[in-house]
Every structure is written in C-alpha cells, then in structure tokens.
Amino acid sequence: MAEAEEVMHYGVRGSPLSLRVDIALRLKGVKSKFCEEDLQNKSPSLIKYNPVHKKVPVLVHNEKPIAESLVILEYIDETWKHQGLPILPQDPYQRANARFWASFIDEKCSPAICKAYWEIEGHEKAMEEACELLKFLENELKDNKFFGGETIGFVDMAASFIGYWLRPIQEAVGVEVLTKEKCPKLYDWCDEFVSHSVVKEVLPPNKETLIAFFLGRCESTKLLAK
C-alpha cells in the first residue's frame with residue numbers, strides 16, 4: 001500500500017501569495033492542511049521550514065519544505081503532473097513565456113501598484129507607471145479568456161493580486177489604475193478570474209475586511225488627506 005502523503009500549506013488567509021498556492025492545490029485536487037500564520041508572531045514551524053526568509057507561503061510535502069509562491073506552483077505542477085489540470089503549458093516556449101510574465105507581475109506590476117497607493121512622494125508618477133505596466137498584461141491576454149487560455153494557469157495565479165485585491169484597493173483610496181476604459185480585456189479578466197469555480201472556493205470570504213485593511217494602510221500614508 002502506498003504511503004499516505006502529507007501536504008501542509010503555511011500561509012495567511014487574505015494573502016495574494018497564499019491564494020496562489022491554494023488555487024494550485026485545488027486545481028490539482030491535492031488534499032492539504034492549511035496552517036494559518038500570525039506574521040506578528042511567527043510559529044516555530046514557519047521559522048523551521050523557511051529559516052532564510054521566514055515568510056509565507058511555505059508548502060511542506062512529506063516533511064520537505066518548499067518556499068516562494070511561484071516555486072511552489074511549479075513544484076505542485078511537476079509533482080502531481082498526472083492529476084488535475086496543468087498549471088504550466090507543456091510547450092517549452094510557452095512555459096518560458098509564462099515564467100516571464102509571472103516574474104513581470106512580481107518584479108514590476110505589484111511593486112508599482114503598491115508604490116502608487118502607499119507612497120506619498122512621486123505618487124502621480126507611480127500611478128502613471130502602474131497604468132502603463134498593466135497595459136502590457138492587457139496586450140498579453142490577446143483574445144483569451146485567461147492568460148492560460150480557456151482555463152486558469154500559472155500567470156493567472158501569479159496575477160491573483162490584480163484579479164482580486166486591486167479593486168478593493170481602488171475602492172479604499174478612491175483612485176483607479178485599472179478601469180474598463182483603459183484596459184478592457186484585463187478588467188474583464190478580473191471578473192472571469194474571481195468567477196472561476198476553483199478560485200471561488202478559496203477566495204477570502206470577507207471582502208469588506210480587505211477594504212478596511214487597505215483603507216487603514218492608505219490613511220497611514222496620508223494618501224486620503226484632502
């Protein structure tokens with residue numbers, strides 16, 4: 001009899017990075033235990049399994065830890081390749097392209113959006129930069145429903161921050177970088193993303209809490225000051 005697998009996900013409900021892992025596990029049909037972390041009081045297990053960064057998410061598969069969300073997505077895809085739907089394309093070029101756009105989101109888009117909303121100095125310039133970067137994603141969607149084609153894939157999971165969190169941020173601050181007029185395909189993609197059956201099962205249940213959180217962040221940086 002095959003030995004039972006133990007899969008544990010150390011993360012935070014409401015974290016875009018943890019959401020990536022939740023989606024991937026659910027897409028592959030992998031049963032796992034979610035271990036909620038308090039980032040103000042990190043557990044000994046988190047520090048044990050990710051001693052370098054001491055951050056979430058961390059996936060622990062049969063006592064073997066894997067850190068960094070995009071690395072975890074690839075591990076899940078390769079470990080359970082014959083189970084559920086593929087996360088990365090099979091074609092080598094398409095796989096490389098997906099990795100490129102996922103890195104683009106983490107290294108360019110997300111930092112620019114955060115800077116636009118949470119830094120006072122250079123705020124207007126940061127807003128313009130964020131809008132321009134989102135247009136690259138708009139073009140990459142082409143005429144597809146998702147970045148992964150007809151179903152969600154690696155890039156869609158990487159873009160979960162944009163798909164679910166960006167609108168609450170915009171609502172909190174009252175300033176929009178993503179609109180139907182500026183990026184119609186990306187705007188529609190957000191609706192498709194949050195409506196996907198797998199994504200709906202793992203989304204944080206209380207969007208009002210997210211809005212309140214972002215509102216607090218914006219007030220602390222005085223972006224809401226008139």
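In this predicted model, E68 is placed in the loop between β4 (64-67) and α3 (69-79). Phi of E68 is near 75°, a positive value in a residue other than glycine.

Helix α4 (92-118) packs with helix α5 (residues 123-141) at an angle of about 155°, and their axes are 8 Å apart. Angles over 145 degrees count as roughly antiparallel, and α4 and α5 are therefore roughly antiparallel to each other. Their crossing is left-handed. On the side of α4, the contact is made by N97, W101, F104, I105, K108, C109, A112, I113, K115, A116 and Y117. On the side of α5, the contributing residues are H123, A126, M127, E129, A130, L133, L134, F136, L137 and E140. By class, the contact of α4 with α5 has 15 nonpolar, two polar and four charged residues.

Another pair is formed by helix α1 (residues 16-28) and helix α7 (residues 160-173), which pack at an angle of about 125° with their axes 9 Å apart. This angle makes α1 oblique to α7. The crossing of α1 and α7 is right-handed. In the contact, P16, L19 and R20 of α1 meet S160, F161 and W165 of α7. Sorted by class, the residues joining α1 to α7 are four nonpolar, one polar and one charged.

The remaining topic is empty space. Rolling a probe the size of a water molecule over the atoms shows where such space is left. In this model, the second largest pocket holds about 430 Å³ of space. It is lined by 21 residues, of which P89, Q94, A98, F147 and G148 are the closest to its centre. Helix α4, already described in its packing with α5, returns here: five residues of the lining come from α4, the largest share. Both α4 and α6 (154-158) supply at least two residues each to this lining. In terms of class, the lining of the second largest pocket divides into 12 nonpolar, six polar and three charged residues.

Terms used:
Residues are numbered from 1 along each chain as its sequence is written. This is a predicted model: local features need pLDDT of at least 70, side-chain atom pairs count only at pLDDT 80 or more; totals for chains, interfaces and linings use all residues. Side-chain values use heavy atoms; hydrogens and water are left out. On a 1 Å grid over the protein atoms alone, a cavity is a set of points where a 1.4 Å probe fits but cannot get out, and a pocket is an open set with protein on both sides within 12 Å along at least five of seven lines; lining residues have an atom within 4 Å of a point. Grid points are joined across faces, edges and corners, and a volume is the space filled by probe spheres set on the points. Helices (H or I, at least four residues) and strands (E, at least two) are DSSP runs, numbered from the N terminus. Ala, Val, Leu, Ile, Met, Phe, Trp, Tyr, Cys and Pro count as nonpolar, Asp, Glu, Lys and Arg as charged, and the others, Gly among them, as polar. Axes are lines fitted to C-alpha atoms, for helices over the stretch in contact, and angles run from 0 to 180 degrees between N-to-C directions. Angles under 35 degrees count as roughly parallel, over 145 as roughly antiparallel, 65 to 115 as roughly perpendicular and the rest as oblique. A crossing is left-handed if the near helix is turned anticlockwise from the far one by less than a right angle, and right-handed if clockwise. Contact means heavy atoms within 4.5 Å.
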